[in-house]
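Work through the exercises below with the sequence and the 3D view at hand. Try each task before reading its solution.

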Amino acid sequence: MSKSLADQVAVIGVGCTKFGENFDQSLSEMMVEAATGACKDAGVSLDDVKAAWLGTFSPSFSGGKATITLADALKFRGRPITRVENFCATGTDAFRNAAFAIAAGQYDIVMVVGAEKLRDRPVRGLQREGIHPYFEAGSTAPGIFALVANRYMHTFGMQRDTLAKVAVKNHANGALNPKAHFQMKITEEQVLKAPMIAYPFGLFDCCPTTDGAAAAILCRADLAKQFRKDFIVVRGIGLAVMSGKPYLDPTGDYLGFPSTEAAAREAYSAAGIAEPVKEVDFAEVHDCFTWTEVSNYEDLGFCKKGEGAKFIEEGRSSLQGDLPVNPSGGLKSFGHPVGATGVRMIYEIVTQLRGEAGARQVKGAKVGLAHNLGGPGAVACVVILGREA
Amino acid sequence: MKGIVGHAARIPAYRIAREEIARAWQTSSLAGHKRAVRFDEDALTLAAAAALDCHSSLGGAEIDGLFFASTTAPYLERSNASLIAALCDLPEKCSTLDLAASLRGGISGLRLALTGLDSGSSTTIICAGDCREAQPGSAEEMLYSDGGSAIAAGTKNVIAELIADATAYDDFFDAVRRDRDLHVTSFASKFSIDRGYIAPITEVVGDVLRQAGKSAKDIAKLAVSSPDRRAHQQLARKLGFNEAQLQDIQFDDGGITGTAMPLVLLSIALESAKPGDLLLVAGYGNGADAMLFRATDYITSYKLHSPSSVQKAVAIDYKSYTMYRRAREFFRSADQGLEISNVFYAKDEPQIVRLHGSACRHCGTRQFPVAQVCVGCNKGDGLEETPLARTGAIYTFSEDTLYPSPFPPTVMAVVDLDGGGRIYCEVVDVAPSEVKIGMSVELTPRKLKEGGGLYHYYWKCSPRRGK
């Protein structure tokens, strides 16, 4: 019988840059800001950190995808660094591997850094990389999610105005977040009238392309008290990979993301969660497009398949609802620097669980869930964190 | 008996009013529309689409030859005919041949195939396609229309029997394009019509009628190519054919389709031919070829893939000369697919070009692309490579304005192929607002991208025409 991850790993510090069009910051500068911020928050020095995991997706000018990007930026040398890339689930998967190293007893203190600089590229949107030049030609990120959304809407009869409610909610939350890419409220009418990107997604149904970095310091749970009283504990983690070419899979129904369902099962099982809607206090989920968040409600078990529309329409996922989703503003409003996003979710959950989220604070939050979705729903990672009771 | 066993004509869905071209250049206009390719079509895709239609009408007959004729073949070195044969998934021993440089390449190819056939041979498909580029602002720019056609020649289930044939060459120049020219140089004049068109056609038509002991009045239809509408009528009068006998060139919506033209007209004539009808087909271009056919009783049993006549074709108008031009220029500066090596292509060709997938012996799941482990039952020892259907229904789709295209939005669909297998491809030749989940579609070969000294062809889909 495998050993449960639950309660063996603690998060003692987090850091995050302002997300946005960080034209005046290089990838290295953002990494240094996030990493030193996390060390300071944890009350450790960089010398105390014995290994690091770097989550980054795209090649960049300052060292490409390799581990040296982090080593050179921080002068973090003579110690192991592992680079993790798992589509848009890169950040949470980097966190997952760092947590395993702590749980295995290999290190006492390690660091996870997620970073991405998307706004120094000449193309719009996210570059689709490593795809088959024929079978997958013609695809874009909004396009492949629109395929699933259109089938879902055809099946369940959901309309665009329901999707708009997700954007309105996440912008309202982002407006309360000084580190968010967008800090402005929007109206349903603005969402519905915005230029079309890939039907049913207009401009405001899509997350932006964003620069940013986030970091977390992890340590053995039994040592966490040395650093702070209000440390946060990892309750469970799950990761699942499905097909990277769902549009060629004749066995799929295309109504959601089985990868999320499988990752959630693993994480809930580790955390001993049987009824997520009652036992999870809030969630940071992967709302790359408005419809993705609706599917996430269902795939994470917050409601049944086909009932996601009701979940948003009844306000259950709003900041005042019974299960606030994306109090940070989500990818929609906080922004989505691919490799940074998952670590940024950890940052937000830790901040909320410590009661330090200010105007966007979820009251009485004890258990928070982070959910990353990568590729065309190919990879999902779920991380459940809790306050040390 | 040898003769025609199948046929198809394929014109682009897009067209432009000739007066739009005249407006752009402030010249006087010709009547009607010309058909013009979408940015992802060329002479090869038009000919291949016709060849596929023709092939599918033959009910699985064995094909042992494929000829391709064009003056605008995308490849000058690399066999276009072999690429089309692969798109049709024809066997390796199939004889492929590229015919170039003359507007009568298509009809010459048909004559060559028919006269070369002996009773033991099976079937050769002769396909032709042209997208000729005239000098911008010239009258020819309004005249030249894009199109493709295919005729299958064989000895079994013949629908029109070859009665007589004739050929004559004449090293006369009336329209010329050198290896270094982008546009056709036209020497249009009364002399060019008389010497380059009427004289050689008159000679070969006379030859064929003499051989068969027939005269003009015995002929049900004369399908003859032409440099323009007036010359076509002039020729018919001179040869003694009346208007009802002359196969209309459909100038109001297309017309002058270059190498494809004689075979397009033959296909239209065959579409309404009755058993016993005599059909005379002729084409010109530095000489002329002619053939006389008699429709057989079997023609009433033959099932055409879809109508050859332009009246039944989809029509999407280029609203401006600029958009028409853009469709022709789009790929010229493109630089995509640089990662595609001949090693990669050779390995993936059965899937990309032949549209092969895998079928599972254990659970029956058919899947695309070729797999080693079954997506249905996860078993690794039951898969066999298999050709997939080129028809299906849209499972879901997206309308993408982010994807760079000269004609946004790009409609991308997940298509469930008839009999199994799922493919992801662009939907073309239909307004995005008309695309629906469940819509029946057929796959059509298109130019996907260009780069690294290559054109990259792949499948797209359009609303289904045939049954």
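**Exercise 1.** How close do the axes of helix α6 (residues 190-212) of chain B and helix α7 (residues 229-239) of chain B come, and at what angle do they cross?

*Solution.* The model is a predicted one.
Step 1: two packed helices are described by the angle between their axes and the distance between the axes.
Step 2: the axes of α6(B) and α7(B) come within 11 Å, and their crossing angle is roughly 40°. Because of this, α6(B) is oblique to α7(B); an angle counts as roughly parallel under 35 degrees and as roughly perpendicular from 65 to 115.
Step 3: the hand of the crossing of α6(B) and α7(B) is right-handed.
Step 4: by class, the residues in the contact of α6(B) with α7(B) are 8 nonpolar, 3 polar and 2 charged.

**Exercise 2.** Describe how helix α4 (residues 105-116) of chain B and helix α8 (residues 261-271) of chain B cross, and list the residues in contact.

*Solution.* 
Step 1: the axes of α4(B) and α8(B) come within 6 Å and cross at roughly 65°. The two helices are therefore roughly perpendicular.
Step 2: α4(B) contributes B:Gly106, B:Ile107 and B:Leu110 to the contact, while α8(B) contributes B:Pro262, B:Leu263 and B:Leu266.
Step 3: sorted by class, the contact of α4(B) with α8(B) has 5 nonpolar residues, 1 polar and no charged.

**Exercise 3.** Which residues does B:Ile316 touch, not counting residues up to four places away in sequence?

*Solution.* 
Step 1: locate B:Ile316 in strand β14 (residues 316-317) of chain B.
Step 2: the residues it touches are B:Ala13, B:Tyr14, B:Arg15, B:Asp429 and B:Val430.
Step 3: take B:Tyr14, which lies 302 residues from B:Ile316 along the chain; the C-alpha atoms of the two are separated by 4.7 Å.

**Exercise 4.** How many residues of chain A and of chain B are in contact, and what area do the chains bury between them?

*Solution.* 
Step 1: the contact involves 30 residues of chain A and 34 residues of chain B.
Step 2: the two chains bury about 2,900 Å² between them, with 64% of it on carbon and sulfur atoms.
Step 3: on chain A, the trio A:Tyr134, A:Phe135 and A:Leu248 supplies 26% of the area that this chain buries against chain B, more than any other three residues.
Step 4: the count of salt bridges between chain A and chain B is 0.

Note on methods:
Residues numbered from 1 in each chain as written. Chains lettered and ligands numbered in written order. Predicted model: local features only at pLDDT ≥ 70, side-chain atom pairs only at ≥ 80, totals over all residues. Heavy atoms only, no water. Axes fitted to C-alpha atoms, helices over the stretch in contact; angles between N-to-C directions. Helix = DSSP H or I, 4+ residues; strand = E, 2+ residues; numbered from the N terminus. Parallel < 35°, antiparallel > 145°, perpendicular 65-115°, else oblique. Left-handed = near helix turned anticlockwise from the far one by under 90°. Nonpolar A, V, L, I, M, F, W, Y, C, P; charged D, E, K, R; others polar. Contact = heavy atoms within 4.5 Å. Buried area = accessible area lost by both parts, 1.4 Å probe. Salt bridge = Lys/Arg side-chain N within 4 Å of Asp/Glu carboxyl O.
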